[in-house]
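Open the model in your viewer and keep the selection panel at hand. This tour goes stop by stop, saying what to select and what is there.

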Amino acid sequence: MVDLSVQLKALRLKNPVMTASGTFGYGEEYLDFMDVSRIGGIIVKGTTIRPREGNDYPRMAETASGMLNAVGLQNKGVHYFVKHIYPRICDFNTNVLVNVSGSTVDDYVQAAEIIQELDKIPGIELNVSCPNVKEGGMAFGVSPRALSLVVKEVRAVYKKHLMLKLSPNVTDITELAKIAEDQGADSLSLINTLLGMAIDAENRRPKLSTVTGGLSGPCIKPVALRMVWQTYKAVKIPVIGIGGISNTADAIEFMLAGASAIQVGTANFIDPGVSVSIAEGITDYCRRHGFKSAKELTGSLIID
Amino acid sequence: MSSITNKQVLDFILYEKEEWANSALMKFKTTEVLPEIFPGQFVQVKIENSPDTYLRRPLSVNFTDRENSCLWLLVQKIGPGTRKLAGLALNSKVNMILPLGKSFTLPEPAKDSFQQQIMLIGGGIGTAPLLFLSKSLHERGYSPVFLLGGRSAADILQIDQFRLYGKVYVTTQDGSMGERGLVTEHSILKEMQPDRMYCCGPKPMMQAVASLARAKNCWCEVSLENLMACGFGACLCCVEKTTQGHVCTCTEGPVFNINQLLW
């Protein structure tokens, strides 16, 4: 019997598979396709203190082995979440974490305080890496000073699990990772989307209303894997790997590189039940390779 | 009408195919029970072995035969994904998520004393969901009028099938079939005062039809084809600005009453 459970500080996941924010709605969208209690956790859609309409259409462009999006944090705001969405999803038998974003430090702090009151939400994922909003978002994730401030202020008020989602759009991700650790983050999830762009040459126009957007899908996996490896070596807190994970092998690779858990993102759009298959596949891998628990996979890469 | 059918991921086999220069009519069969599908709903088709095609392709259902677990898709070869799909050999396995989206709103069954005039307007590949809709209208006792438009005669597909359900009028931009011009310029529109219009086609055409419907004070539903990633409300990419703000075309549509839209 393989023990699939993993521990992110005080937060226990029944298995290392979570679903990434912005790719899994509030979980409800997937109930026809899978049993959410069979994965370690879900991170719900980016939530802000006030409602956001998001960016104009078109917000999506397909790329080779991936896609660009420029949704721009469309959501109905944290108060709507508390009143209308939380009651519907609080009984999911898995960890439901809320992804929190904002334009100012105060936005983050207020949203975190409100979500802290929700008994069944064991943690938040602080989103300092959304490339699709004009102010805030990624600005916090690429500036050491701004990152330090936002993590410190949220940490001061938020007592549950504080996961920080890092941006890959930086020169040295370990610098930001260490700052987040120093300011009290419990874990680091990476990577968010890579800033990209697509053009329709025939009409000489960008394919996204915002011109640039966030690249996701299998095409970003090698970059994500490298950043997880670098970050794992630089910090002591758990690292959660994200970036193009589409099957069990991808998930295992991230764990070997140092991830304690992983998030399945864009692949949910194509194979809506894939996260459950990945969780099952990890058991199989552990058996075949003589691991008694999924925990042992973390950082077990062999470099000769 | 919203569907109460659970969404499923099902494998199909390509059973029959009729292929033209720019499109293909494909009949798929599954060994599972085909869920109930309503006209206007769509499927998300996985395109295998096509490196440029990462996402599924949303396609509206052209026709169904639930007894035999068959469904038809009318595929226009637009990009690498649809070309790959249309080029599949018979017996190829194709994976689909279905049924997705909200269907067209059907009128109450027709009464002998009062027969509503219903007009279905389709442009190019936009005629695809209208055939399925005509069958449902026919079952409710209606004989709709069809107005089909395309660039040339080659774009006017399944005309014989449409004729089984009602009278068909055609426009082509090059005049190779029916009246020359755009669908919204057809002479029948001057004569007829429909009670209901259903429309699917390129956005500029649907916007022109929506204006026409407003001018005639006619009830009108259109089916949008915004770009989407998931098809079931998770990615928030396919939004349309409506009276309710940005809503997902895949879950709140693809069929919208024109009163919901800001056109």
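**Stop 1: where the chains meet**

Select chain A and chain B together: 26 residues of chain A are in contact with 24 residues of chain B. Bear in mind that this is a predicted model.

Now keep the chain A side of that contact. Colour β5 (60-63), β6 (66-69) and α8 (267-270) of chain A; these are the elements that give two or more residues to the side touching chain B. Then colour by residue class. The chain A side that touches chain B has 11 nonpolar, 10 polar and 5 charged residues.

**Stop 2: the two domains of chain B**

Select residues 8-100 of chain B for domain 1 and 118-223 for domain 2.

Next, show the contact between them. Domain 1 of chain B brings 13 residues and domain 2 of chain B brings 10. Which elements give two or more residues to the domain 1 side? Select β4 (57-65) and β5 (70-76) of chain B. The most comes from β4(B), with 5 residues. Colour this domain 1 side by class as well: 6 residues are nonpolar, 7 are polar and none is charged.

**Stop 3: a helix pair in chain A**

Bring chain A back. Select α7 (248-256) and α9 (274-289) of chain A. Their axes come within 9 Å and cross at roughly 65 degrees. The crossing of α7(A) and α9(A) is right-handed.

Show side chains at the crossing. From α7(A), pick A:Thr248, A:Ala251 and A:Ile252; from α9(A), pick A:Ile278, A:Gly281, A:Ile282 and A:Tyr285. These two sets meet each other. By class, the contact of α7(A) with α9(A) holds 5 nonpolar and 2 polar residues, with no charged ones.

**Stop 4: one residue in α4**

Move to helix α4 of chain A, residues 144-157, and select A:Leu147. Is A:Leu147 buried or exposed? A:Leu147 is buried, because 27 other C-beta atoms lie within 10 Å, and 20 or more is enough to count as buried.

Leaving out residues up to four places away in sequence, A:Leu147 touches A:Val128, A:Phe140, A:Gly141, A:Leu176, A:Ile179 and A:Ala180.

Finish with a distance label. Draw it from the C-alpha of A:Leu147 to the C-alpha of A:Leu164: it reads 10.0 Å, across 17 residues of sequence.

Technical notes: Residues numbered from 1 in each chain as written. Chains lettered and ligands numbered in written order. Predicted model: local features only at pLDDT ≥ 70, side-chain atom pairs only at ≥ 80, totals over all residues. Domains from an automatic or database assignment. Contact = placed C-beta atoms within 7 Å. Helix = DSSP H or I, 4+ residues; strand = E, 2+ residues; numbered from the N terminus. Nonpolar A, V, L, I, M, F, W, Y, C, P; charged D, E, K, R; others polar. Buried ≥ 20, exposed ≤ 12 C-beta atoms within 10 Å, placed from the backbone. Axes fitted to C-alpha atoms, helices over the stretch in contact; angles between N-to-C directions. Left-handed = near helix turned anticlockwise from the far one by under 90°.
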